[in-house]
Amino acid sequence: MFTVGFREFKSLFTSIRSILIIVVLFGVTAGTAKLVRQFEAPLHELGLGNDAYAMGLMLLLILAASLFVTGLSHNIVNKEIDTRTIRFLATKTSRRNIIIGKFIGSFLFWAICITVALLLIIPFSKSFSMLTLVQSIIFVSYFIGLTLFLSTIIPKPSLSMFLGIIISIALPVLGLWSSGTDNLFVKVIGYVTPYFYYLQEEDSYYYSYFVVLFPILFILLSLVIFRKRDL
Amino acid sequence: MTALQTNQLTKKYGKKTVVDSVNLHIPQGTIFGFLGKNGAGKSTLINMVTGLIKPSSGSFEVLGQPEKRLESIQKEIGVLPDYSTFYDDLTAFSHLNYFQKLLKQSLSKQEIIRVLSQVGLEDAVHVKVKKFSFGMKKKLGIAQSIIHQPKLLFLDEPTSGVDANAVLNIHSLIKEIAARGTTIFLTSHNLNEVEKLCDEIAIMNKGRIQTQGTMKQLREQYQQDIVVHIHHRSLSEKEQTQLKISLTELAVKIEIGGDASEIIVQSSELIPQVNKQFVRQDIDVFGLEMEQPSLEEIFLNLE
């Protein structure tokens, strides 16, 4: 699985995309931080933390992580099925190794991108927030798991791109809406998005760790489906 | 031990049955040829027994292991799929390096290059696959299937789209691999290739195995009239007439020429008797050739 993971990581990292992602994460975090300073009090009430730079990064991730991850990894599995390169993999390693390897590769890519962006901010923020790093990675891992799942159940990369974008726009909207509505349907949906857990009071930050369960669930579902799939 | 055994193996897509109750028994160490027209179900069968697609019903065993334990013997199976696409951003070397790591092998750089040389890609070791021709991709496909020296090798159309010289190299390579004891399951549209390389052949049509056996068995099974070409000394018109009369009861068709004749008999057992008639009439026979049905003729007879 680490061979598949390393290949996935390398193919994501050696492209221009990784540099763009780091630049965007760094640039927007730094830019947002300036804005956040002006609205620190109301955002604090929403449970978005004290550090402006950390808040900047979290705000960016809350609004755009789903789109970033979908844009990069919507075809993480189905591209290999579509081009039939999966036949070389599936005859050499187990299907479990392929799915978990793909997740590990993508997870590592995002973990490093976020870490690098946070390290680049240190000269401005004068601090490094380990909590923000862990929370950001957990948050992004939700969407990595989701795209992995979508890419496993949807055979065509074009369709997974289309549906991925719709879902990545709908999820933040529904997730944020669920935090301020009494609509039962929206509230229920809110529980299956990471937003519910990330918008709790600041002293309830441990809620965000529950989000780890979602990527695990997505991986398990992907495994069940992928094992039964004709390749 | 059996390399591959299938029992009533079936694959259906909706109402369409692509592979229909196939029973195969392939002993280890043979080169097994699998023939059939496009859409006959050959690739579907290979994809099932290599774990790429799930059978609708029936079962199979590969190297003595049932379907559910197939992943545990992946190191012992090599597969060249019918459709070879690779990662455009990787070189031939990087591909084999990646695949050998997936198979938990530890080949050195030189060993990987040696495998690429075996298939004729020694000049393209560090060339990215996006620059490869179709034939080169096919060669890389073969290289990835043999890199771990499998006990059972599935080759789906290994020479289609490959130039004539490369075809000869691939044939030599197949013979070399088989000589090491590897069982080879080969599908091909090239009937001559199958006839030349394979110990045993199965012909598939509309998802079913229509016939199976060695070339000799197939010939006997599908042998029709035998054409015998006889080269002899020059015959006078009188001798030609006499010979024709003497052969009337033995042959279906007789064409006596000045120094060569063509006689069609219904059984190979009649050929010595034909020869005797020539000897009895004191006609020197310089050569006798029996025209056997080729695999192509057998294949066409099954249509």
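**Exercise 1.** In what order do the four strands of the open antiparallel sheet of chain B stand?

*Solution.* A word on the model comes before the steps. The model is predicted: local features need pLDDT of at least 70, side-chain atom pairs count only at pLDDT 80 or more, and totals for chains, interfaces and linings use all residues. Residues are numbered from 1 along each chain as its sequence is written, while chains are lettered from A and ligands numbered from 1 in the order in which they are written.

Step 1. Strands (E, at least two residues) and helices (H or I, at least four) are DSSP runs, numbered from the N terminus. Two strands pair if DSSP finds at least two bridges between them.

Step 2. Read the order. It is β12-β13-β11-β14 of chain B, and the pairing is antiparallel.

Step 3. Find the edges. β12 (253-256) and β14 (285-291) of chain B each have a single partner strand, so one side of each is left without a neighbour in the sheet.

Step 4. From one strand to the next it averages 15 degrees. Angles run from 0 to 180 degrees between N-to-C directions, and axes are lines fitted to C-alpha atoms, for helices over the stretch in contact.

Step 5. Take one pair. Strand β11 (residues 226-232) of chain B runs antiparallel to β14(B), and six bridges join them. Here B:Val228 has B:Met290 of β14(B) as its bridge partner.

Step 6. Place the helix. Helix α8 (residues 237-247) of chain B lies across β12 and β13 (260-265) of chain B, at about 165 degrees to β12(B).

**Exercise 2.** Trace the pairing of strand β1 (residues 2-13) of chain B.

*Solution.* Step 1. β1(B) pairs with strand β2 (residues 16-27) of chain B in the antiparallel sense over eight bridges. B:Lys11 has the bridge partner B:Val19.

Step 1. Two residues lie between the strands of this hairpin, and B:Gly14 takes a positive phi near 65 degrees.

Step 2. β1(B) also pairs with strand β4 (residues 57-62) of chain B, antiparallel, over five bridges. There B:Asn7 is partnered by B:Ser59.

**Exercise 3.** How do the axes of α2(B) and α4(B) cross, and which residues make the contact?

*Solution.* Step 1. The axes come within 10 Å and cross at roughly 25 degrees.

Step 1. α2(B) and α4(B) are therefore roughly parallel to each other. The cut-offs are: under 35 degrees roughly parallel, over 145 roughly antiparallel, 65 to 115 roughly perpendicular, the rest oblique.

Step 2. The contact is made by B:Ala92, B:His95, B:Leu96 and B:Phe99 of α2(B) with B:Leu140, B:Ala143 and B:Gln144 of α4(B).

Step 3. Sort these residues: five nonpolar, two polar and no charged. Nonpolar covers Ala, Val, Leu, Ile, Met, Phe, Trp, Tyr, Cys and Pro; charged covers Asp, Glu, Lys and Arg; the others, Gly among them, are polar.

**Exercise 4.** How many residues of chain B are in contact with chain A?

*Solution.* Step 1. The contact joins 21 residues of chain B to 17 residues of chain A.

Step 1. β6 (77-80) and α2 (92-102) of chain B are the elements that give two or more residues to the side of chain B that touches chain A. The largest share, four residues, comes from α2(B).

Step 2. That side of chain B divides into twelve nonpolar, five polar and four charged residues.

Note on methods:
Two residues are in contact if their C-beta atoms, placed from the backbone, lie within 7 Å.
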